[in-house]
Structures are given as structure tokens and as C-alpha cells.
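I opened my notebook beside the viewer today and jotted down what I looked up, entry by entry. Follow along on your own screen if you like.

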Amino acid sequence: MTDGAPPADVRPAVPPGARAASRWARALGVLSVVVFFVPLVAPLVQAGTLVYVLFAAWHGWLDRTSVIVGAGGSALGFVLFFATQYIWIV
Amino acid sequence: MDAHTTMSLTRRTFVRTAAIAGIGGAYFGGAHLLLKDERWTPNRSFWVSRGREPAGAPLRGEREADLAIIGGGVTGLSTAVHALLRSPGLQVVILEAQYVGFGATGRSGGVLGNGTEMGTPPGTEDTVPFVIDLVDRLGIACELERAPVAQLDPYRYALGLKHAAEGLGATVHEGCRVRSIEDGAPVTLRGDGFTLRAPKVIVATNGYTPKLGIATSRLFPAHTAAAVTGPLPREILRDIPDSILVMTSGEMYMWGRKAPNGRVLVGAGARYFYDNGLHYSGDGFLFPALHRCMAKSFPALASYPFQHTWTGPMGCTADQEPIIGIAGGSGNIIYCGGYCGHGIAMGSKAGFFLAGMLHGEKPPAWMLRPTLDLPGEPLRYIAVNAVINLMNLGLYRMPKHD
């Protein structure tokens, strides 16, 4: 303990605001899927989510799960929106 | 180095994917918003494609009439016929922006049904016998089939009503779009090169009505698609019902019928475009989706492509039942529409009600009911299409009243 080596269980510091950013990314990912049937709103939410996740991930604020939920929700929501508008129904 | 390269590539891929998704989302999420009605190239229904009658001459200069009717569809023509049957000698002028039967009338399937989309409110129990009686009385040649399902050629039905109205003394002007309706006594209608003044005006333009500035918060156009196969072998036709009405999730509803020369005609769907847009003539996805709907319900038809396809707006209301309303400060502008796809029979009967109103009679009270005010844009675009999508997905059904 006195030789200057860091303790084994010390993890990198979580940047300030990272927890909130992760929560936002996950919430937006879920919202992107929930609003898939709402035209105009759905693509805007999905595009906004993708931009936010990209921005936050770039700055290292997001953990892996939040990136997957945020970007994945955005992509899944868009696929559902697209299918609803153009593929599944007349 | 490897880790750095991997991270860099991942980010780059991520950015690229995001950019593609963003551009795609913007296009498919909002492309239709950018389209203008002026760019619209209207298509022709199967009925019209079998032979179109030359359109009547447009109105030019100034004119006065006892009754002006805007819209040369089944509602306007039926109103003219019934008004003239009751008041021979009445000066009736019908103004149609394109040609008689251009709108929802000539684009429908021609299947007749009693009632409305939501049930059988008073006055609508006998709309099919009403049409059959009208066709017989006026001697309209419209390939009317009485049984097992009552159906006709809607375009020729409209032409028959036009000729009957003209025979009774009405004047039908085609190719003259009304640009403005000036309230007053008389009401003044203005268009390109004409002015028409009349003490009473019937606006019978159904889904096109909001574009005239009438009933903007009550009526909206919902575009639907229809298509017809080529002539089919007898053994295939034998297994197809005379009248098709399929309600499943995956399509709002699919309707259809056997059409002349051994064809099958189907239609489905409803789409609302921004600001009551009328420009839609289908896209690359529409008719393949309609064909999939048909093939899902009737697998024997899967290998038979459509020979003719078309689209068109039907007039709708928030509660999916037709309305009659009075506009203008003097109360002499009456509008009617919102049949939600049941316009051939119901529109014919509505014409009878409208003609009665000119004589002080009241139409069924439910047609004069207040309806939900639709919000302005962009909320209207969002709300109407969200509800349509939920209904298409089978997640919401509007309760019927019987």
C-alpha cells in the first residue's frame, strides 16, 4: 500500500453527467420504438436519438449497453416506422 | 494501435450509418411533405380507362343560376337530379374541376352497400334499393348487377346521372375549377375565366372540400389505392367471392369485387397527406403492398399481376360517418361529404337529402351532428396518420354503433 501502486479495484472515473447521459440514451432508444407508428414524430425522434447517442458516445459518456439500447432502439424504431408506412400496409 | 484503429473505424462506421439513416429517415419521414399539389399527375381509374366520354364545355364569363353545385360526383349529380325532379324549371349549374366522375365516384369499386362505414343510422337502411330504383327510373346503363351483390360501373353511373340532370334542364360545366367562394346573397363563385352567382350553393366535393376553404376542420382526404387484374381463368374466378371485404391486421380493410371480363378488382388503405394534400398517385411501394394483401387473402391470385392501378382521395370525417353542414354567414352554402368509402350508395341518398333541404326539409339529425374539430397542421398530419396506422396494425378499432 505504500509503494505507490494503485489499488487493484480502482476503476476509471466516470465523467460527470455520464449516468444521466446513459439514462437519456436508453430512454430515447425506447421512445424511438414506442412512437414508431406516429409519422413525422417517429423519424425525428429516431434521428435525434441517433445524433444524441453519437454525440454522447463520442465524448465517452455512454456505457456499451446505453449505446446498444439508444442506437439499436433508433434503428429498430425506424425499421418499424418504414415497414408500417411502406411495407406492411397499403 | 490496433485498438485505436478499431475504435476509429467503429466510430467512422457509426457516423456513416447514422448519416445514411438520417438521410433515409428524413426522406421517408418527410418527403411527402415537400410535394406540391401542382405537381400532381392524376391517374385514371379502371372504369374511366375503358372509355372516357368527352367532357362538357367549361363555363366562361358571368352567369347567374338558382342553384350552383360544385362537384360532378355522385352527390352533386344526385342533388341536381332530385332538385329538378321536385322543381322542374329550376336553373341548376354544376361546376366540375376535371370531368364528371373524376373524383372518388369514378375511382370507387362500384360495390353498393346499405348504411355507412360505422353502421346503419336512420335514413341509410335503404340506400342500395334507392340507387337501383334511380338507375331503373332514369334508365342509366351502368352494368348494374342486382344479385348476389349489388354493384355497378361507378363512372358510367355518374355519366348516367349527368345525362339525366341535363335532360331535366341542368347545365354541367367540366374543366372549370372554382377558386373562391364569396359568401353573400347571392353567393359568388369565381374561377379561371368565369363568375357564377347563385342564391344557394351545394358544395359536393367530398375529400376535395377543405381545399375550397369549407369544412376545413371537419373533412379530410384519405388516399386509397385500387387495382384490377387482367382477365382470369374460370377455375380461378370460381373460388373468388363476388364481393370481397377482408378485415385483418396488416391492412385497414381490403375490399374488392369481380369486375367485367373476368377480372378481380381490389382496393385498400388510407393515407393522409400534409395540408389535405391531393398530389398522391402512388409510389413504388404501394401497389406491391396491395398485391401482397390480395395474395394473402386469395393465394390463387398471387401469380396474376395487376393490369391497371389507380389511387384517389376519399372524403373522411373523424368519426367516419358522412356529414351535412351549413357554411357562410347567410346559411346558403351547404356542404356534404365524408362517406369514408361508402359514397356511391350513400352519396346518392345524400343528394336526395340535400335537394330536400332546398325545400326546407331537414336531413336525418345525425348528419347535422357536430363532429370533432380536427387540429391544424402539423398536428392533423400526425394525429390522422397515427390513428390510421394503429387501425392498419390492428391495434385500434373504432367502435361501430350497431
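**Entry 1: a helix pair**

At what angle do helix H5 (residues 127-138) of chain B and H9(B) pack, and how far apart are their axes? I found an angle of about 75°, with 9 Å between the axes. That makes H5(B) roughly perpendicular to H9(B), since angles from 65 to 115 degrees fall in that class. I should say here that I am reading a predicted model.

Next I looked for the residues that meet. From H5(B) I listed Thr127(B), Val128(B), Phe130(B), Val131(B) and Leu134(B). On the H9(B) side their partners are Ala345(B), Met346(B), Ser348(B) and Lys349(B).

The model has an ipTM of 0.80 and a pTM of 0.88. For chain B the average pLDDT is 90, and 90% of the residues score at least 70. Residues 1-5 of chain B are another matter, with pLDDT below 50. That stretch makes zero contacts in the model beyond near neighbours in sequence. My reminder to myself: where pLDDT is low, the predicted coordinates should not be read in detail.

**Entry 2: domains of chain B**

Domain 1 is made of 47-219 + 317-375, and domain 2 covers 221-316. I noted 25 Å between the C-alpha centres of the two domains of chain B. Across the boundary, 25 residues of domain 1 are in contact with 20 residues of domain 2.

**Entry 3: nonpolar cores**

Which residues have the most contacts inside the largest nonpolar core? My list reads Ala68(B), Ala80(B), Val92(B), Leu95(B), Ala165(B), Val266(B) and Leu290(B), in a core of 112 residues. Helix H9 (residues 343-358) of chain B gives this core its largest share, eight residues.

Leaving aside neighbours within four places in sequence, Leu290(B) is in contact with Val90(A), Ala225(B), Ala227(B), Val266(B) and Ala268(B). There is also a second, separate core of 13 residues, which includes Leu28(A), Ala56(A), Ala57(A) and Ala71(A).

**Entry 4: chain A**

That took me over to chain A. Of the 90 residues in chain A, 43% count as buried. I then looked at contacts in chain A between residues at least 6 apart in sequence, and 73% of these join residues at least 24 apart.

**Entry 5: cis peptide bonds**

Where in chain B does Pro148(B) sit? I found Pro148(B) in the loop between H5 and helix H6 (154-167) of chain B. The peptide bond joining Ala147(B) and Pro148(B) is cis, with omega about 0°. I noted another cis bond from Ala185(B) to Pro186(B), where omega is near 5°. Pro186(B) belongs to the loop between strand S5 (178-182) and strand S6 (187-191) of chain B.

**Entry 6: positive phi**

Ala215(B) is not a glycine, yet has a positive phi of about 50°. I placed Ala215(B) in the loop between strand S8 (200-203) and strand S9 (220-229) of chain B. Is Ala215(B) buried or exposed? Ala215(B) is buried, because 23 other C-beta atoms lie within 10 Å and the cut-off for buried is 20 or more.

Asn261(B) also has a positive phi, near 65°. The loop that holds Asn261(B) runs between strand S11 (251-259) and strand S12 (263-271) of chain B. Asn261(B) counts as exposed because it has 10 C-beta neighbours inside 10 Å, and 12 or fewer is the limit for that class.

**Entry 7: a link across the sequence**

My last stop was His401(B), in the segment after helix H10 (379-392) of chain B. Which residues is His401(B) in contact with, leaving aside neighbours within four places in sequence? I found Met118(B) and Gly119(B). His401(B) and Gly119(B) are 282 residues apart along the chain, and 5.8 Å separates their C-alpha atoms. His401(B) counts as exposed, with 12 C-beta neighbours inside 10 Å.

Terms used. Residues are numbered from 1 along each chain as its sequence is written. Chains are lettered from A and ligands numbered from 1 in the order in which they are written. This is a predicted model: local features need pLDDT of at least 70, side-chain atom pairs count only at pLDDT 80 or more; totals for chains, interfaces and linings use all residues. A nonpolar core is a set of buried Ala, Val, Leu, Ile, Met, Phe, Trp, Tyr and Cys residues joined through C-beta atoms within 7 Å. Helices (H or I, at least four residues) and strands (E, at least two) are DSSP runs, numbered from the N terminus. Two residues are in contact if their C-beta atoms, placed from the backbone, lie within 7 Å. pLDDT is the predictor's confidence in each residue, from 0 to 100. Axes are lines fitted to C-alpha atoms, for helices over the stretch in contact, and angles run from 0 to 180 degrees between N-to-C directions. Angles under 35 degrees count as roughly parallel, over 145 as roughly antiparallel, 65 to 115 as roughly perpendicular and the rest as oblique. Domain bounds come from an automatic or database domain assignment.
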